[in-house]
Amino acid sequence: MDFRDNPVRRARGRPRAFDARTEQNTIKSLDRALMVLDELSHMESASLSELAQGLEESPATVYRILSTFALHGVVEVDAAQQTWHIGADAFRIGSAFLRRTSLVERSRAVLRGLMKTTGETANLGVEKDGAVLFVSQVETHAPIRAFFPPGTLSPLHASGIGKVLLAHAPAGRLEQVAAKGLESFTPHTLADLGRLRADLDLIRVRGHAVDDQERNLGMRCIAAPIRNVHGEVVAGISVSGPTSRVSPDHVPDLARAVIAAAAEVSAAIGAPGG
């Protein structure tokens, strides 16, 4: 029996009109509240007036939303500085995303090993809404290092993991991303569709991507794909560091380490051949 024809099963997860994309299926006040939370997460710390101005909302409306979130620990206020911050309960709720999959848990030991082997910061990322979402990281102890805390978003075309995901994406995905604009962050960014496509072809052949100062000057990143039980690329693992340490001569050795780490994680989540 198709579960969609079973009214009991449907009621547990969604109403009959769930798939209808109409205003009756959204709550405007909740939508506005989540926009406030999202804006605060990007600003990290903000006063009421700064938030209201950024969202083009009245301070009174934003204050009511923040006060409600504060009751649940989702945001916190620094009374002395009169600034608002994301609260501890926001992390608790958000961590449910990480618990939903074994990818982060199973990759943690591999990330630690990769950091120790290479001496550089190890990262794990997945695609979210056309960007790379960093979901885990193990920082190097070196004084100069890359830092992409979990929750950070980075453009697909200007990051090692992003280019790995694009290289193995379904046909037409690259054109969809390019249609939204390939922003140039440094003189090295592959903001031209032809150059980017050529680089993705190379990534598929050699098995790893290199972000050569394409997002941040002075930083270089090497990434490799992680595959699931179906052989599909679902994530990427990388090491990032300053160009003074991650030199062109050092890239081949780092690439071998990253590819091996990606294979280890892939095997752990059931990829074919693991």
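Helices and strands here are DSSP runs, numbered from the N terminus. The model is a predicted one. By that assignment, the protein has ten helices and nine strands. Asparagine 228 falls between two of these strands, in the loop that links S8 (219–227) to S9 (233–242).

Asparagine 228 has a relative accessibility of 13%. The cut-off for buried is under 20%, so a residue below it counts as buried. Asparagine 228 therefore belongs to the buried class. Its side chain reaches the backbone nitrogen of histidine 230, at 2.9 Å. Beyond neighbours within four places in sequence, asparagine 228 touches Val234, Ile269, Gly270, Ala271 and Pro272.

Now move along S8. Methionine 219 sits in this strand. Its relative accessible area is 22%, which makes methionine 219 partly exposed. Leaving aside neighbours within four places in sequence, its contacts include Arg145 and Ala146. Asp211, Asp212 and Gln213 are also among them, as are Gly241, Pro242 and Thr243. Methionine 219 and serine 244 are 25 residues apart in sequence, yet their C-alpha atoms are 8.5 Å apart in space.

One of those contacts deserves a stop. Glutamine 213 lies in the loop between strand S7 (209–212) and S8. Its phi is near 60°, a positive value in a residue other than glycine. Glutamine 213 is buried, with a relative accessible area of 16%. Glutamate 56 also has a positive phi, about 55°, and is not a glycine. It lies in the loop between helix H3 (48–55) and helix H4 (59–71). Glutamate 56 is exposed, at 73% relative accessible area.

Next comes a sheet. Three strands form an open sheet in the order S1-S3-S2, with antiparallel pairing. Strand S1 (45–46) and S2 stand at the edges, each with a single partner strand, so one side of each has no neighbour in the sheet. Strands of a sheet pair through backbone hydrogen bonds.

Take the two pairings in turn. S2 (residues 75–78) and S3 (residues 83–86) are antiparallel and share four bridges. Within this pairing, valine 77 has tryptophan 84 of S3 as its bridge partner. S2 and S3 make a hairpin with four residues between them. In the turn, glutamine 82 has a positive phi of about 60°.

Step back to the whole chain. Of its 274 residues, 39% count as buried. Among contacts between residues at least 6 apart in sequence, 54% join residues at least 24 apart.

Finally, consider confidence. The average pLDDT is 86, and 87% of the residues score at least 70. Residues 1–11 have a pLDDT below 50, and this stretch makes eight contacts in the model beyond near neighbours in sequence. Where pLDDT is low, the predicted coordinates should not be read in detail.

Note on methods
Residues are numbered from 1 along each chain as its sequence is written. This is a predicted model: local features need pLDDT of at least 70, side-chain atom pairs count only at pLDDT 80 or more; totals for chains, interfaces and linings use all residues. Side-chain values use heavy atoms; hydrogens and water are left out. Helices (H or I, at least four residues) and strands (E, at least two) are DSSP runs, numbered from the N terminus. Buried means under 20% relative accessible area, exposed over 50%, partly exposed in between (1.4 Å probe, protein chains only). A polar contact is a pair of N or O atoms within 3.5 Å; within protein, one must be able to donate a hydrogen and the other to accept it, and residues adjacent in sequence count only if both atoms are side-chain atoms. Contact means heavy atoms within 4.5 Å. Two strands pair if DSSP finds at least two bridges between them. pLDDT is the predictor's confidence in each residue, from 0 to 100.
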